[in-house]
Structures are given as C-alpha cells and as structure tokens.
Amino acid sequence: MKITLLTHQRELDRKTNTGALALQLCGDLVERRVWARREPDRALLDSIERGEAALVYPTAESTPAPPEDFAQLILIDATWQEARKIYNHSPYLQTAPRVSLESAASSYRLRRNQPDGGLCTAECVIEILRSHGEDTAAERLEAAFMEFNLDPGLKADKGRHSPE
C-alpha cells in the first residue's frame, strides 16, 4: 500500500501542513509528489491508467469505492481552494476512481472554514492506514497529529481552507 500526497507548492513551507507529519512518521507508506500543472508526474499517470491508484476527494458525481480496494491512494495536499484548482486543472485526476473515507468529524483546528466532513491530510492518512491494517503507523501518526494540532506556536492560516 502506498499513499501519495499530491502537494501544492505553497504547502511545502506552511507550518500548518499536516502532510509533513505523515511523511516524517510513516516511512515508505507515504510519498510526496509536488503538483505541476503542465507536467504531471508520469508514474502517477501510469498508476491511474492501470487502475492501481484512486483519488481521495469528495464528489457527488460518482459512487466511491472503499480504500482497501486500491494499492495506491492519492491525496491532494493543499488548502481546499488550492485542491479544487489542482483537481479542476488535472484531467487525469478526474478520471481516477474515487475513494470514500468513513470517519468522525475533523479535529483539525489550525485552519479556518473547513467544510463539514472535510479532513486534513494527516486525518485522511490515519483513516487510510487503519483501513489497510496499518494500526501501529496510524496510532503513531494520530498521537503526533494531536500534539501538532494543540501547538499554540502555530497560528491559524486565516481564510485558508484545507482539504487535507
């Protein structure tokens, strides 16, 4: 199982980016690809074309599949506004199968205006790890995320949204 974070360039330096936690704590289970509009990652395209990869992204247009049905899951690691831009400007993502995550409400508090049912990247990774039986990695990431989420040194990115 592989989780690919398709990360917006601006997320790389944001202190509130939870994808960095997943990268630090999950070893080979999580990888990052920086999104490039005009030059999509070839390996990612190939995985989607072979039906090996699915996108974790909310939609009302299709019936999502369970995450355990796929060897690779793609998460757009960006604010909600940036994620919509990435999705809308990436036809290959629009053709990828969709995955649905069953979870409680987000506990992420470092960014404002999150949509109902929206999870941050770390929360998505935790749910995916659990669905694939990677409970130890999920627990380790969840503990780090809870500490990160309570850090008073991090200020909310006002007006930013996180699809994470």
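Which residue in strand 4 is the bridge partner of isoleucine 3? In strand 4, that partner is leucine 73. The legends below start from the whole chain and then move to this sheet and its cover.

**View 1. The whole chain is a predicted model of helices and strands.** The protein chain has six helices and five strands. Both are DSSP runs numbered from the N terminus: helices are H or I with at least four residues, strands are E with at least two. From the N terminus on, the order is β-α-β-α-β-β-α-α-β-α-α. Residues are numbered from 1 along each chain as its sequence is written, and side-chain values use heavy atoms, with hydrogens and water left out. In this predicted model, local features need pLDDT of at least 70 and side-chain atom pairs count only at pLDDT 80 or more, while totals for chains, interfaces and linings use all residues. Buried residues make up 47% of the 164 residues. Buried means under 20% relative accessible area, exposed over 50%, and partly exposed in between (1.4 Å probe, protein chains only). The chain exposes about 8,500 Å², and carbon and sulfur atoms supply 46% of that area. Accessible areas come from the Shrake-Rupley method with a 1.4 Å probe; for residues, only the protein chains shown count as cover.

View 2. Two strands pair if DSSP finds at least two bridges between them. Strands of a sheet pair through backbone hydrogen bonds, either parallel or antiparallel. Strand 1 and strand 4 are joined in the parallel sense over six bridges. Strand 3 (residues 53–56) and strand 4 (residues 72–77) pair in the parallel sense over four bridges. Two bridges join strand 3 to strand 5, which also run parallel.

**View 3. Strand 4 is mostly covered.** Six of its six residues are buried. Gln72, Ile74 and Ile76 point one way from strand 4. Leu73, Leu75 and Asp77 point the other way. Glutamine 72 is the bridge partner of alanine 53. Alanine 54 stands opposite leucine 73, and leucine 55 stands opposite isoleucine 74.

**View 4. Strand 3 has buried residues pointing both ways.** Ala53 and Leu55 point one way, Ala54 and Val56 the other. All are buried. Valine 56 has valine 99 in strand 5 as its bridge partner.

**View 5. Helix 5 is largely enclosed.** Eight of its eleven residues are buried, so the rest of the structure largely encloses this helix. Among the buried ones are Thr121, Glu123, Val125 and Leu129. Their cover includes strand 1, helix 1, strand 2, strand 3, strand 4 and helix 6. Glycine 133 follows helix 5, with a positive phi near 75 degrees.

**View 6. The largest nonpolar core has 28 residues.** Such a core is a set of buried Ala, Val, Leu, Ile, Met, Phe, Trp, Tyr and Cys residues joined through side-chain atoms within 4.5 Å. Ile3, Val30, Leu75, Val125, Leu129 and Leu141 have the most contacts inside it. Helix 5 gives the most to this core, with six residues. Apart from it lies another core, of 17 residues, among them Leu6, Leu44, Ile48 and Ala96. Leaving aside neighbours within four places in sequence, valine 125 is in contact (heavy atoms within 4.5 Å) with residues including Ile3, Ala22, Cys26 and Leu141.

**View 7. Residues 155–164 have pLDDT under 50.** pLDDT is the predictor's confidence in each residue, from 0 to 100. The protein chain averages 84, and 78% of the residues score at least 70. Where pLDDT is low, the predicted coordinates should not be read in detail.
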